[in-house]
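Reader: I am new to reading structures. Can you take me through this one step by step?

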Amino acid sequence: MEKVLDYLKQNQQRFLAEFCDYLRFASVSAQPAHKNDLHACAAWLVAHCQAIGLEAKLCATAGHPIVIAKTPRAKNSQQPHYMVYGHYDVQPPEPLELWKSPPFEPRIVGNTIYARGSMDNKGQHLAHLKAVEAYLKTGTALPCDLTFVIEGEEEIGSESLSGFLKKNRRELNCQAVVISDTGMPSPKHPALGYSLRGIMALEITLHGPARDLHSGGFGGAVDNPAMAMSQLLAQLRDQHGRITIPGFYDGVAPLTAYERKEYARLPGTDAGLKKMIGVKNLFGERGFSSSEQRSARPTFEINGLTSGYQGEGSKTIIPSWARAKITCRLVPNQKPEAVRKAVVAHLKRICPPTMRLEIAAGHGAEAYFVPPTGPQAQAALRALEKAFGRKPILMREGGSIPIVNQFKKILGADSLLLGLGLPDDNAHSPNEKFSLECFEKGQRMAAFLWQELSR
Ligand SMILES: [Zn+2]
């Protein structure tokens, strides 16, 4: 490992120059005008992978191409095989006037690089590529075979990816997928993500009178859909935030003592959280810390609520309808379809006889969980500790990354989430940045990871 770590140390200046070259491509997947930039970016990446000793190629898809790059391997290699996933596409940079320097002209200030795509996700998978380069260029044997899959449609829903995985299932069959596309609480708190929440969306409409009515002429004899909707929704949660829908919590796995101990090590306080989000007081289910509430417990949220007159001044009507957009965040062992059924059955039960209830189903995704006490998670924790020189923390993520479920379903592989971003890196926002300390330590982590996973 000495040689590998030395190589990384010696070559940081060149790595940084290459990182800047990579960032200059405006690989904005959402905007058709950038189609050629995506292609050029992918072609640059293939050439770069080849230059560091990988066998790389561009794979055409119905959308933007996927780059696949493999470490050289014996014909019937018996070594373990791991996949590293990343994406070379980036979010649109707009609004441009809020950027302190142009989004595709990388700017380095102190130990930070500013550019669209620096943290999400070019810098993070480049760190993995540099670690492998160090092995290959120093003639150090890798204890495993690696395949990089770097796509160009992550920011627009990864539409071509699952077809690509299915088509190349045999070739991509692997022990685990390593993804650095999330974050850590601070450079002092390297972290392994081992769980993601799932999601279940639906839209509820209550239909009352056939048209908006004069509230003077009819008020008192006709039920009001906006009021009926408020009463309906208010019955779904108690005053402490516990969801009261029968069956909602069916199957929810309790947090283990080990996990709760890890949660307690997370930095940050409730007072800090309150200040950051600007609320008077926090709120949540009793018996859980705010970090647990935000990532290990299911939720029922109203994302949008519409009815009646929204314009200036007043309009004295009984609205004809009311609508609510709902999403539930789900935790491991909850099935989106089962939760949807429980919610729909309960709404039908409690819908007042004055209203016609209409429910439209939205998207759904299962939660994700890799046992944090398992050998792969423990190997990742050791790699983090060696690279950062600090005891890493375990983190459940409150959000969802749907591709992780695809990896599990299609390849049968678990994902290790080794995020290198910081909470203030402005992903998806103006002035996106990436810490060069995280870039360098990320390379070391990636170098140690293959040793630890293959042990
Ligand atoms: Zn993103």
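Author: We go on with the metal site. The protein donors of the zinc ion are Asp120 (OD), Glu155 (OE), Glu155 (OE) and His428 (NE2), at 1.9 to 2.6 Å. Donors are N, O and S atoms within 2.8 Å of the metal (3.2 Å for Na, K and Ca); water is not among the atoms, so sites may look incomplete. This is a predicted model: local features need pLDDT of at least 70, side-chain atom pairs count only at pLDDT 80 or more, and totals for chains, interfaces and linings use all residues. Residues are numbered from 1 along each chain as its sequence is written, and side-chain values use heavy atoms, leaving out hydrogens and water.

Reader: Which parts of the chain do Glu155 and His428 tie together?

Author: Helices (H or I, at least four residues) and strands (E, at least two) are DSSP runs, numbered from the N terminus. Glu155 sits in the loop between strand 6 (145-151) and helix 5 (161-167). His428 sits in the loop between strand 17 (414-417) and strand 18 (433-435), so the pair ties together parts that are 273 residues apart in sequence.

Reader: Is Glu155 buried or exposed?

Author: Buried means under 20% relative accessible area, exposed over 50%, partly exposed in between (1.4 Å probe, protein chains only). Glu155 has 16% relative accessibility, so Glu155 counts as buried.

Reader: What does Ser415 touch?

Author: Ser415 lies in strand 17. Its relative accessible area is 1%, so Ser415 is buried. Contact means heavy atoms within 4.5 Å. Not counting residues up to four places away in sequence, Ser415 touches Val177, Ile179, Tyr368, Val370, Val404 and Phe407.
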